[in-house]
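Subject: Structure for you to look at

Dear colleague,

I am passing on the structure we spoke about, and I would be glad if you could read the notes below alongside it.

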Amino acid sequence: MNHLTQSIPGLQYIPDFVGQTTQTALIEAIDALPWLTDLKRRVQHYGYKYDYKKRAIDASMKVGDLPHWAQKIVQQAVDEQLLSEYFDQMIINEYLPGQGIARHVDCEPCFDHTIMSVSLGTACVMHFNSLEDKNLDVPVLLAPGSAILLSGDARYRWQHSIRANKSEMFEGQKIVRGRRVSLTFRKVIIQT
Ligand SMILES: O=C(O)CCC(=O)C(=O)O
Ligand SMILES: [Fe+2]
């Protein structure tokens with residue numbers, strides 16, 4: 001299944017990108033790996049370490065290949081023609097109820113033109129705000145097992161964020177936050 005979100009060019013939402021059994025296995029594999037605790041939410045970095053303050057990546061930040069299971073997800077996305085190239089960087093984010101991510105555009109000089117994020121665990125709402133008109137707010141429900149792809153305007157001309165809430169409304173329905181783990185895949189642009 002392949003759903004294009006019409007309101008923002010370059011935003012693509014794919015429900016059921018990974019099935020329930022795979023999601024459970026992925027979360028187990030992820031929890032067996034070390035979490036970094038330098039942000040408010042826990043993260044893991046693979047492929048290249050990313051410096052949130054410097055917003056830059058160079059060759060010295062290479063930290064090995066993506067785990068085998070992550071390479072399989074990239075391969076699936078390439079096979080399903082969602083991606084046209086192999087991604088070499090992944091950041092895992094853990095959001096507990098009340099945790100979120102501030103409005104941002106992913107670093108333009110660090111990462112190539114498409115970003116893919118896979119949601120595991122429980123649902124949350126991602127908000128998109130146009131850089132031209134920040135009052136323009138498009139909420140997108142990210143269901144567990146879904147993937148979202150940002151390219152074009154969705155990547156460069158809209159900010160995205162997740163509110164630091166314990167519950168939120170989406171289309172008149174109350175979404176209660178549980179634990180969400182997301183896998184964000186990117187292709188690194190090496191700065192020299
Ligand atoms: O949790 C997500 O799905 C998105 C994470 C994100 O926007 C980022 O790491 O830049
Ligand atoms: Fe982002």
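The notes below go from the whole chain to the ligand.

This is a predicted model, in which local features need pLDDT of at least 70, side-chain atom pairs count only at pLDDT 80 or more, and totals for chains, interfaces and linings use all residues. Residues are numbered from 1 along each chain as its sequence is written, while chains are lettered from A and ligands numbered from 1 in the order in which they are written.

The chain holds three helices and 13 strands, these being DSSP runs numbered from the N terminus (helices H or I, at least four residues; strands E, at least two). Its radius of gyration, taken over C-alpha atoms, is 16 Å, which agrees with the value near 16 Å for a compact globule of 192 residues, the globule rule being 2.2 Å times the number of residues to the power 0.38.

From the UniProt record, an unreviewed entry, comes "domain: Fe2OG dioxygenase" at residues 86–189; such positions are in the numbering used here, feature names are shortened, and annotations may be inferred rather than shown by experiment. Over residues 86–189 the chain is 5% helix and 53% strand, with the end C-alpha atoms 13 Å apart.

Around ligand 1 lie Ile91, Asn93, Ile101, Asp106, Ser117, His160, Ser182 and Thr184, a residue being near a molecule if its C-beta atom, placed from the backbone, lies within 6 Å of it. Strand S4 (89–95) and strand S13 (180–186) are the elements that give two or more residues to this shell.

Best wishes
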